[in-house]
Amino acid sequence: MADCDLRGYGVLVTRAAHQSEQLARMIEACEGRAVRLPAIEILPSRDPAEAQRLLASRWDWIIFVSPNAVRFGLRLLAEHGSADAGIGAVGASTARHLKQAGFNVDLIPDRGYDSEGLLSLPELNQVDGLKILIVRGEGGRALLGDTLQARGAKVRYAEVYRRERPDPHTESLLAGWSENVQLVTTTSREILQNLVEIVGETGWSKLSQTPLVVISERMELEAHRLGFSTIIRASGADDRSLMEAICHWVE
């Protein structure tokens with residue numbers, strides 16, 4: 001685990017509430033203040049029956065795009081589903097959740113823990129005629145499925161969760177922002193965009209001038225477009241990578 005002295009630093013943690021505590025504890029273990037402001041809420045999908053039907057069918061590959069896809073997808077996975085399917089995970093954290101649930105993970109990117117990294121693997125370059133199920137949230141990113149279809153695969157989506165923007169009260173947070181928040185962490189473009197909307201016009205000048213941690217080139221470009229002054233890119237979305245970025249910034 002990253003180890004540094006965060007005394008005097010407040011770090012805004014914006015993950016969904018059920019995913020934020022480990023990072024918050026790591027910050028607090030380094031004597032920092034973890035300021036919790038979930039900027040996204042993860043809920044079950046609106047049509048779980050359709051996702052369950054798909055998960056119970058036969059597939060050559062089942063690919064999980066996130067830990068939330070694992071969390072909600074396994075609730076729907078039928079006991080006699082596609083037992084002989086290969087299992088893919090877009091990132092290390094997703095793979096870890098699958099392994100903890102007893103699954104062997106056959107595909108995981110060895111670089112760039114995202115759709116691009118997964119698509120670069122040789123196993124997904126020769127997929128003509130294969131049946132591939134992508135387990136994701138409602139309205140997820142299309143790159144993975146579109147590319148696999150272009151390569152000849154028969155792709156379907158099991159959408160097992162949905163994302164909503166919370167509406168927290170931020171008056172006290174914004175009033176004490178300069179004293180309490182020295183760094184902001186974000187782990188998806190949607191979280192970043194939600195956060196901007198949550199603080200509103202009143203809080204934008206404070207948020208935009210606070211150093212921001214992102215986890216990908218796409219997020220870095222989006223943060224530049226929005227107008228953030230200082231952007232720090234972590235090497236991944238996992239808590240260890242976020243802590244390494246935080247500690248490097250402090251040093």
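Predicted model: local features only at pLDDT ≥ 70, side-chain atom pairs only at ≥ 80, totals over all residues.
Visitor: Take Ile27, what does it touch?

Guide: Leaving aside residues up to four places away in sequence, Ile27 touches Leu6, Val11, Val13, Gly32, Arg33, Ala34, Met243 and Ile246.

Visitor: Switching to helix 2, which of its residues are buried?

Guide: In helix 2, which covers residues 48–55, the buried residues are Ala51, Leu54 and Leu55. Seen down the helix axis, they fall within an arc of 100°, so they line one face of helix 2.

Visitor: And what do they pack against?

Guide: The buried residues of helix 2 pack against helix 3 (67–76), strand 6 (131–137) and strand 7 (154–164).

Visitor: How about helix 9 and helix 10, how do their axes cross?

Guide: The axes of helix 9 (residues 189–208) and helix 10 (residues 217–226) come within 11 Å and cross at roughly 20°. Angles under 35 degrees count as roughly parallel, and the two helices are therefore roughly parallel to each other. Their crossing is right-handed. The contact is made by Arg189, Leu192, Gln193, Val196 and Trp204 on the helix 9 side, and by Arg218, Met219, Glu222, Ala223 and Leu226 on the helix 10 side.

Visitor: Which residues of helix 10 are buried, then?

Guide: Met219, Glu222 and Ala223 are buried in helix 10, and because they fall within an arc of 100° when seen down the axis, they line one face of the helix. On the other side of helix 10, Glu217, Leu221 and Arg225 are exposed. What covers the buried residues includes helix 9, strand 9 (212–214) and strand 10 (231–233).

Visitor: What follows helix 10?

Guide: Helix 10 is followed by Gly227, which has a positive phi near 110°.

Visitor: Last one, where is Glu31, and what is its phi?

Guide: Glu31 sits in the loop between helix 1 (21–29) and strand 2 (33–36), and its phi is near 70°, a positive value in a residue other than glycine. Glu31 counts as exposed because its relative accessibility is 52%.

Conventions: Residues numbered from 1 in each chain as written. Heavy atoms only, no water. Helix = DSSP H or I, 4+ residues; strand = E, 2+ residues; numbered from the N terminus. Buried < 20%, exposed > 50% of the residue type's maximum accessible area, 1.4 Å probe, protein only. Arc of directions from axis to C-beta. Contact = heavy atoms within 4.5 Å. Axes fitted to C-alpha atoms, helices over the stretch in contact; angles between N-to-C directions. Parallel < 35°, antiparallel > 145°, perpendicular 65-115°, else oblique. Left-handed = near helix turned anticlockwise from the far one by under 90°.
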